[in-house]
Amino acid sequence: MSKFKAWLYRFMAGRRGMDQFGMALYVTGLVLYILALFTRFGILNLLSLAMWIYAIYRAFSRNLVRREKENRWFLAKYQPLKRRVSQAWVRFKNRKVYKYYRCPKCKSWLKLPRHVGEKTVTCGKCGATFTKKA
Ligand SMILES: [Zn+2]
C-alpha cells in the first residue's frame, strides 16, 4: 500500500489534478451524457466523451502555466454567471416580501417592500428618480 502511495505521489508530482475548469468539463460532460441517453443524439455522446478526455488530459498535464491560464479564462466567464444566478435565486426566494424591478436608466436591480403603494424611488447607483408601485 505504501509503495503504491509513493508511486502515486511521484506520478502526481508536477501535475495539478482537477481544477474548477476540469470539474466544469466533467459535470457538463456528465449532463450531456445523460441527455444523450434520453434523446439518442449520438453527437451528445461524442461531445461528452471529448469533454471527459479533455478534463482527464488537463488533470494529468504537466504544463501548469497553460492549464492555469485556461482555468483563469474559465473563471472569468463563469463567475459573473454564477453571481447572476445566485442573485436571481435570492430575488425568487424574497419575491413575496419585496417587489423587484430594474432602474430604467442604469438597469441595476432595485427592490421595494410589497404593499407600500406608490413610491418615489432614487436609484442608489446612478441617482435617477422615478415612481414605482409595489
Ligand atoms: Zn440606476
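Cys-126 has 29% relative accessibility, so it counts as partly exposed; the scale calls a residue buried under 20% relative accessible area, exposed over 50%, and partly exposed in between, using a 1.4 Å probe and protein chains only. Cys-106 also falls in the partly exposed class, at 31%, while Cys-103, at 1%, is buried. Bear in mind that this is a predicted model, where local features need pLDDT of at least 70, side-chain atom pairs count only at pLDDT 80 or more, and totals for chains, interfaces and linings use all residues. Residues are numbered from 1 along each chain as its sequence is written, and side-chain values use heavy atoms, with hydrogens and water left out.

What do these cysteines hold? Together with Cys-123, they give their SG atoms to the zinc ion, 2.3 Å away. Donors here are N, O and S atoms within 2.8 Å of the metal (3.2 Å for Na, K and Ca), and water is not among the atoms, so sites may look incomplete. Angles among the four donor atoms run from 107 to 112°, making the site tetrahedral, a label that asks for all angles between 85 and 135 degrees with four donors. Ideal tetrahedral angles at a metal are 109.5 degrees.

Along the sequence, the donors follow the spacing C-x2-C-x16-C-x2-C. Cys-103 sits in the loop between strands E1 (98-102) and E2 (109-113), and Cys-126 in the loop between E3 (118-122) and E4 (129-133), so the pair ties together parts 23 residues apart in sequence. Strands are DSSP runs of E, at least two residues, numbered from the N terminus.

Notes. Four donors count as tetrahedral if all angles lie between 85 and 135 degrees; four count as square planar and six as octahedral if opposite donors are over 155 degrees apart and all others between 65 and 115; anything else is irregular. Helices (H or I, at least four residues) and strands (E, at least two) are DSSP runs, numbered from the N terminus.
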